Amino acid sequence: MNLLPTDPPGRRPALRPRNTLSPAPLVSRIAKFLRHDWAGRGLLLEALACLCWAKLLLLLVPFRWVAPRLGKMQTESPSVITEEERRLALRISWAVQSVAAHVPLGFVCLPQAMAAKWMLRRRHLASTLYLGVARPDEVKFTAHAWLRAGDKILTGRAESRTHTTLATFAEEWS
């Protein structure tokens, strides 16, 4: 990395973190948002609202109070859905993951799964939220949440294979 002449000798220039709200990336994100059609923009805004609500709930409310509102515990939704429902589920997955990746509020796996679940439920599409743990070494556990609709994992796909399922939450209707 070349240093500018104004930098003191032996000192590296400060690097900007990826998710900052500096003007250039912010303008770029707004431009990218505006390139979507109205339906896409609405879905992205709904995902943002649901992600913020999920994060706020998880910060302020004990999980034992949140859990019953995620669906019936230890049940699963059907693994077969129509092609139209599958397309809708994938579109919701895209919206939630896009917002989570571009908004610097730390939307990790559980808020993503909760937001996508609420968005699917609003459209009367059944899904199953999974909570699991893995033990990569003898000292610590890692927890993970993922969401499935039909046979497709919508959020948390990559880590879901390495975690043992502890709880599932699904709607009682199909």
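This is a predicted model: local features need pLDDT of at least 70, side-chain atom pairs count only at pLDDT 80 or more; totals for chains, interfaces and linings use all residues.

Author: Helix α2 passes helix α4 in a right-handed crossing, where a crossing is right-handed if the near helix is turned clockwise from the far one by less than a right angle, and left-handed if anticlockwise. The axes of these two helices come within 9 Å and cross at roughly 60°; such axes are lines fitted to C-alpha atoms, for helices over the stretch in contact, with angles that run from 0 to 180 degrees between N-to-C directions. That makes α2 oblique to α4, since angles under 35 degrees count as roughly parallel, over 145 as roughly antiparallel, 65 to 115 as roughly perpendicular and the rest as oblique. On the α2 side the contact, meaning heavy atoms within 4.5 Å, is made by A39, G40, L43, L44, A47, L48 and L51, and on the α4 side by R91, I92, W94, A95, V96, S98, V99 and A100. Sorted by class, this contact has 12 nonpolar, two polar and one charged residues, with Ala, Val, Leu, Ile, Met, Phe, Trp, Tyr, Cys and Pro counted as nonpolar, Asp, Glu, Lys and Arg as charged, and the others, Gly among them, as polar.

Residues are numbered from 1 along each chain as its sequence is written, and side-chain values use heavy atoms, with hydrogens and water left out.

Helix α4 itself covers residues 83–102, and its 20 residues reach 29 Å from the first C-alpha to the last, close to the 28 Å expected at 1.5 Å a residue, a span taken as 1.5 Å times one less than the number of residues. Its buried residues are A89, I92, S93, A95, V96, S98, V99 and A100, where buried means under 20% relative accessible area, exposed over 50% and partly exposed in between, with a 1.4 Å probe and protein chains only. Among the elements that cover them are α2, α5, β3 (142–149), β4 (152–155) and α6 (157–160); helices (H or I, at least four residues) and strands (E, at least two) are DSSP runs, numbered from the N terminus.

Helix α2 (residues 38–60) also packs with helix α5 (residues 109–122), at an angle of about 125° and with the axes 8 Å apart. These two helices are therefore oblique to each other, and their crossing is right-handed. From α2 the contact takes in L43, E46, A47, C50, L51, W53, A54, K55, L57 and L58, and from α5 it takes in L110, P111, Q112, M114, A115, W118, M119 and R122. By class, 14 nonpolar, one polar and three charged residues form the contact of α2 with α5.

Q112, placed in helix α5, is buried, with a relative accessible area of 14%. Not counting residues up to four places away in sequence, Q112 touches L51, V96, Q97, A100, F107 and T155.

G156 lies 7.6 Å from A113, C-alpha to C-alpha, although 43 residues separate them in sequence.
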